[in-house]
Amino acid sequence: MISYRSTRDNGVHISAAQAIARGISADGGLFVPETLPRFDAAGLEGLRALDYKGRARAVLGGLLSGFSEEDIAESVDAAYGEQWDDPAVTPLVRLSSGLYLLELWHGPTSAFKDIALQLLPHLLTRAMTKTASGKHADILVATSGDTGKAALAGFAGVAGTSVTVFYPREGVSRIQKLQMTTQSGNNVGVCGIDGNFDDAQTAVKKLFGDKALAAELECKGRTLSSANSINWGRLAPQIVYYFHAYCALADAGEIQTGEAVNIAVPTGNFGNILAAWYALGMGLPVGKLICASNRNRVLTDFLATGVYDIRRPFYATTSPSMDILISSNLERLLHALTDGDDRAVNSMMIGLATHCRYEVPEAVKERLTQRFAGGFCDETDCAATIRETFAEHSYLVDPHTAVGLRVCGEYMRRTGDTAKTIVAATASPFKFAGSMLAALTGKAPADDFAQLAELERLGGRSMPPAIAALRGLPERHTKTCRKEDIFAAARELLGV
Ligand SMILES: *Cc1c(COP(=O)(O)O)cnc(C)c1O
């Protein structure tokens, strides 16, 4: 059975079910698997015979200790059913020779977060029953835009849970905002903050460490939990689609089984790309992992210098889900690349909290750059990529995916690496209709729904039905607060 420990305390040994129920370790660390199950060549061939659900059962079965085979099968069946508008769940599209887009946005909220957040409620409620004597889970979410809606959609109406979302009021697209403010259900709360994603994430992490709040909730049979990618239950489901994409390439005859592929991921909190790194650790043949940032290029600089330094301006960009300076999941990678040195991780994280920076030892930097290539894309190049991709391939890439595509292209030109490459397409372009039109035509109508209609006309394809349906929905959540007041707002929304 795979055991999980904290990045800040190797003395912690728990099951995946416990890790998912707790979200974050009491020492502030994140839970990481001590070992990984491996798929050898025969194992990979075996996966090829399965559909998405079968692959999910196989990949997750080895990782999710503390859950029965039946738990996993039932959860997977519920998560990857009719709510996806493509039978492949995450279809792979060939953009040009050797370059493929893994469309991760066919779920109910049109961003890749659905892959994990359609599954997490099923895992979490089972985990709570097993490990926390069926306590009510109060899920707190900090969102840069897409996680919020995906968590609301996943947890709305789920017995034994409630979900409270904090988003940066001025830092999300208007469609993203509408998706959250119109959410129905009586176990959901949403609050816009005057601050950015890092403010929201830092506050939520602090709430998890608030002993008085924990004690008050405990008395009422409740406990805090997390649906952010600091929760292992968010990362594990994302490993599946990298195996799925590899199988799709092999099925289409684009690669031989065993051939290494590169994976490029537009990155914010370092969750999605870390899932690809775990897939590699589980035996997926991967060459380079290409980490693409927008103008908030803290990760690009980190990969180039080994210094993680957040003393820099924070930019609001057209790829808001990547407007992040503190990439939480990097901590998991640091733990692995220091061979599980929890003390080293602690001191780096203390450095970040107190001096806003840390530096990794040379040996870690070397291991890092052996596997990861970094790059960033500014706003002009992002818009140009949207325009060029549409002109050349009649394909609409959203601004996040455009960042990934751009950085991937530059990496290939710079290095001459010709390995076949999968680019994670992380959101539907219709979530960012205003920015899409600005990039494609230089102008956009002021009204959200006029923008959507214009993008449909121009792009020659229809918007996801859930986005079309936003038009008739009342805005139910209008609460806002200053960033200093998130604690009070959280207490109010939690009713304690
Ligand atoms: C969340 C998100 C990202 C960044 O993913 P991380 O796992 O935080 O690195 C990129 N694109 C979109 C559309 C997202 O919603």
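Biologist: What does the space taken by the ligand count as, a cavity or a pocket?
Modeller: The ligand's space is the largest cavity. A cavity here is a set of points, on a 1 Å grid over the protein atoms alone, where a 1.4 Å probe fits but cannot get out. A molecule sits in one if more than half of its atoms lie within 2 Å of its grid points. Keep in mind that this is a predicted model, where local features need pLDDT of at least 70, side-chain atom pairs count only at pLDDT 80 or more, and totals for chains, interfaces and linings use all residues. Residues are numbered from 1 along each chain as its sequence is written, and side-chain values use heavy atoms, with hydrogens and water left out.

Biologist: Which residues come nearest to the ligand?
Modeller: Lys113, Asp146, Gly268, Asn269 and Asn272, out of 15 residues around it. To be near, a residue needs a heavy atom within 4 Å of the molecule.

Biologist: And how does that shell split by class?
Modeller: Five nonpolar, eight polar and two charged residues. Ala, Val, Leu, Ile, Met, Phe, Trp, Tyr, Cys and Pro count as nonpolar, Asp, Glu, Lys and Arg as charged, and the others, Gly among them, as polar.

Biologist: How much of the ligand does the protein cover?
Modeller: 98% of the 380 Å² of accessible area that the ligand has on its own. Those areas come from the Shrake-Rupley method with a 1.4 Å probe; for residues, only the protein chains shown count as cover.

Biologist: New topic. Where is Gln201, and is it buried or exposed?
Modeller: Gln201 lies in helix H9, residues 197-208. Helices (H or I, at least four residues) and strands (E, at least two) are DSSP runs, numbered from the N terminus. Gln201 counts as buried because its relative accessibility is 6%; buried means under 20% relative accessible area, exposed over 50%, and partly exposed in between, with a 1.4 Å probe and protein chains only.

Biologist: Which side chain does Gln201 have a polar contact with?
Modeller: Ser328, at 3.1 Å. A polar contact is a pair of N or O atoms within 3.5 Å; within protein, one must be able to donate a hydrogen and the other to accept it, and residues adjacent in sequence count only if both atoms are side-chain atoms.

Biologist: What about the backbone, what is phi at Val89?
Modeller: Near 65°, which is positive in a residue other than glycine. For context, most residues other than glycine have a negative phi. Val89 is in the loop between helix H4 (69-79) and strand E4 (92-96), and is buried at 4% relative accessibility. Ser110 has a positive phi near 65° too; its loop runs between strand E5 (99-103) and helix H5 (113-117).

Biologist: Why does Ser110 count as buried?
Modeller: Because its relative accessibility is 2%.

Biologist: Last one: how far apart are Ser144 and Phe197?
Modeller: They are 53 residues apart in sequence and 5.3 Å apart in space, C-alpha to C-alpha. Ser144 sits in the loop between strand E6 (136-142) and helix H7 (146-155).

Note on methods. 1 Å grid on protein atoms, 1.4 Å probe; cavity = no way out; pocket = protein on both sides within 12 Å on 5 of 7 lines; lining within 4 Å.
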